[in-house]
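Q: I would like a close look at one part of this model. Please keep it brisk.

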Amino acid sequence: ANPQGTDNEIPDAVVEPGRPGRRISIVWLIPLIAALIGGWLAYKTLTERGPLITISFKTAEGLEVGKTVVKFKDVDIGTVEAIDLKDDLSGVVVSVRMNKASEQYLNDKTRFWVVRAEVTSAGVTGLGTLLAGAHIGIDPVPGGKPMRAFVGLEHPPVVTTDEAGARFTLHSEAGGSISAGAPVYYKRYKVGEV
């Protein structure tokens, strides 16, 4: 409406017909690229993920979820993901995500134990754990029947598969002063321990 009453009219808008077909706006390209990258990262993570195993121990002393690692020759090959009590409350079950490369060593011959600082009659072991915290040791053995559930040792093995040595069982009527961890000598050289 023109308040002055003149015949000046506002021209009508001219609508031009659109081009055939629809163009995709560049705004939609950014979420599409983000979704593709997210999908690729998820796929890569799942395919490179190692196996999840469980290890039973009597106690979880020194173990922490997300911090405690499984080490072999001072190389991290797994991380603790969860620690739960056994159903009968006789111990704990530790869930560990292992590296993919370690899968071939997860069999019925492989042994696990918690490495902590220990003082025995043979000396002090595991001093490095005082600052870094406890970790889980592994004695990987190739071959054997594949497993995903293990029972951890309460003490580290004296002889591991990457060391030369043997295990002997001796019988005696009197134990005397022999205790676990006591050194065994041959011609004044330490050759083993109880």
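What does Phe 112 count as, buried or exposed, and at what relative accessibility?

A: Phe 112 counts as buried because its relative accessibility is 1%. Buried means under 20% relative accessible area, exposed over 50%, and partly exposed in between (1.4 Å probe, protein chains only).

First, some ground rules. This is a predicted model: local features need pLDDT of at least 70, side-chain atom pairs count only at pLDDT 80 or more, and totals for chains, interfaces and linings use all residues. Residues are numbered from 1 along each chain as its sequence is written, and side-chain values use heavy atoms, leaving out hydrogens and water.

Now the partner. Rings of Phe, Tyr and Trp (its six-membered ring) pair if their centres lie within 6.5 Å; planes under 30 degrees apart are stacked, over 60 edge-to-face, the rest tilted. This rule gives 1 aromatic pair. Phe 112 and Phe 150 make it, edge-to-face, with 4.9 Å between centres and 65° between planes. The two sit 38 residues apart, in distant parts of the chain. Phe 112 lies in strand β5 (residues 111-115), and Phe 150 in strand β9 (residues 149-151). Strands are DSSP runs of E, at least two residues, numbered from the N terminus. Phe 150 is buried too, at 5% relative accessible area.

Elsewhere, strand β4 (residues 92-98) is mostly covered, with 6 of its 7 residues buried. Strands pair if DSSP finds at least two bridges between them. Strand β1 (residues 52-57) runs antiparallel to β4, joined by 6 bridges. There, Ser 56 stands opposite Val 93. Strand β3 (residues 75-85) also pairs antiparallel with β4, over 7 bridges. Leu 85 stands opposite Val 92 in β4.

Methods
Helix = DSSP H or I, 4+ residues; strand = E, 2+ residues; numbered from the N terminus.
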